[in-house]
Amino acid sequence: MHGAAELTAEADLSALNSFGVRASAAWLARAGTEAQLLDALDRAAQWQLPVQVLGGGSNVLIVDDLDALVLLPQLRGIEWLGAAGNRTHVRAAAGENWHAFVAATLAAGAFGLENLALIPGHVGAAPIQNIGAYGVELAQFVVAVEAIDQRSGLACRIEARDCGFAYRDSLFKRPEGAHLLITAVEFALHSTPELVLGYAGVNEELYARGVDHPTPQAIFDAVVAIRQRKLPDPAVLGNAGSFFKNPWVPRQTAEDLKQRYPELPVYPANPGASKLAAGWLIDACGWRGHREGDAGVHQQHALVLVNHGHARGADILRLAQRIQADVEARFGVELEIEPRLLGMQ
Ligand code: EPU
C-alpha cells in the first residue's frame, strides 16, 4: 500500500549507525513519502511507543536497545527554486545524502557548501547539529527547515531565525524541538563564488596541490582530501566524527591555560569567551590511539572515538566518560559530548 510505511519488528540497527554498534529497535519503519511518515507516526501512537528518528545514523551513539519505533525518513528530491540577487535557492529533501547534495550544488553553479564536503549523513540531519567545518556552518545558508509536527501530524516551516542555530546546536537538538520531524531544508547559496579560505589546513592543502587561484571545486577537492587523511571512513572503522564539542571557556581561563601550555590552540569565540581544541586537550592527556577492548580513540585524531569491531555503545560511552574526567582533572575543562546519545534511560 502506497501510504503504508515498511515495518520490521525487532530490527537490528548495526548497519544503520556509523559507529556500527549492535543494538535493536522494537520496530523499524522506512518512509519514502510524507504519507508513509504519517503512517509510521500513527503506528507508534497506536502501540504507545516513542518515535526515534534516524537519518544517516552518522551523529549518534546507540547506548542500548531502543524500545521505540525507529523511523528512517527516506524522502528524496532536489528542487531548484530560482535565483534572486546573488542568491540561488534550492530545496533538498531530508533523505538526500549530504555529500552528494553538496556535489550537485557545485555542479549546478551554486556555491558556499564546498567547505562542508564529505560530511557523512543526510540533509535532514544537517540542521540538527548545525554541521560545520573549515570555517563554514550550515546555518549561514539555511532559509528555512520544513518539518512535520509529530504532535499534530501537520506540516510546518521554521524560518532560519527561529531554528536556534549555534555552534553544533539548534532547536532540533533540544527538548523544545524534539517533536519536529525534519522533511526538507531550503538553502540560499551564492550565485557567484565567495571563497572561505581562512582555515590553515585548507590553505596548506591548496598550496600543496599547486592551486594558485582557488575555485569552489578546488576547495571541495582539498576538503575531501583532508578529511580522508584525518578522519576514519565509517565504512572501514566505526565512528561519528568529533565525539566532543570544542569547549568554550572564559577568555581569562584560556589565557591562563595558554600561559601554561603555549601550544594549546585557542580560537576567539566572542568578546568574553574563547574556544579550545578538544582534540589537543585529549591528545595531551595521552589518549590518542588508546584502546579499551574494541572501543578506542582514533590514532590520527584524538577527538574521534572509534569502534574497532564489536564495541557496544555503552563501552564507547564509558571510554568517553573516562576521557572527560581526565581532561577535567588535568585542565579544569569540561568536555561536552557532541553526537546524540540514543537509548539512555
Ligand atoms: N589536535 C591535536 N591532536 C589531535 C587532534 C587535533 O593536537 O589528536 C589539534 C590540531 O593540530 C589542531 C587543533 O587540535 O591544531 C584542531 O584540530 P582540527 O583542525 O582537526 O579540528 P577540530 O577542532 O578538532 C573541528 C570540527 C570538525 C571539523 C574540523 C575542521 C568540532 C567538534 N569539530 O575539529 O567537525 O571537521 O574542525 O573544521 O567542532 C565533526 O563535527 O564531526 C567534525 C569532524
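Let's start with the shell around the ligand. Its residues divide into 12 nonpolar, six polar and six charged. One caution before going on: this is a predicted model.

Which residues come nearest? Of the 24 residues around the ligand, the nearest are Tyr134, Tyr167, Tyr199, His301 and Ala302.

Take asparagine 246. One of its polar side-chain atoms lies 2.8 Å from an oxygen atom of the ligand. Next, aspartate 283. Here a polar side-chain atom lies 2.8 Å from a nitrogen atom of the ligand. With alanine 302 it is the backbone: an N or O atom lies 2.8 Å from an oxygen atom of the ligand. How much of the ligand does the protein bury? Taken alone, the ligand exposes 830 Å², and the protein buries 82% of that.

On to secondary structure. Which one gives the largest share? That is H6, with three residues.

Let's step back to the domains. The protein is divided into domain 1, 6-73, domain 2, 78-190, and domain 3, 238-342. Where does the ligand lie relative to them? Domain 2 and domain 3 both give residues to the shell, so the ligand lies between these two. Their C-alpha centres are 27 Å apart. The two domains also touch: seven residues of domain 2 are in contact with six residues of domain 3.

Last stop, valine 211. Look in the loop between helix H3, at 200-208, and H4. Is valine 211 buried, partly exposed or exposed? Its relative accessibility is 25%; buried would need under 20% and exposed over 50%, so valine 211 counts as partly exposed. What does valine 211 contact? Leaving aside neighbours within four places in sequence, it is in contact with Leu206 and Ala218. Valine 211 and tyrosine 167 are 44 residues apart in sequence. In space they are 30 Å apart, C-alpha to C-alpha.

To recap. The ligand lies between domain 2 and domain 3.

Key: Residues are numbered from 1 along each chain as its sequence is written. This is a predicted model: local features need pLDDT of at least 70, side-chain atom pairs count only at pLDDT 80 or more; totals for chains, interfaces and linings use all residues. Side-chain values use heavy atoms; hydrogens and water are left out. A residue is near a molecule or strand if one of its heavy atoms lies within 4 Å of it. A polar contact is a pair of N or O atoms within 3.5 Å; within protein, one must be able to donate a hydrogen and the other to accept it, and residues adjacent in sequence count only if both atoms are side-chain atoms. Accessible areas come from the Shrake-Rupley method with a 1.4 Å probe; for residues, only the protein chains shown count as cover. Helices (H or I, at least four residues) and strands (E, at least two) are DSSP runs, numbered from the N terminus. Ala, Val, Leu, Ile, Met, Phe, Trp, Tyr, Cys and Pro count as nonpolar, Asp, Glu, Lys and Arg as charged, and the others, Gly among them, as polar. Domain bounds come from an automatic or database domain assignment. Buried means under 20% relative accessible area, exposed over 50%, partly exposed in between (1.4 Å probe, protein chains only). Contact means heavy atoms within 4.5 Å.
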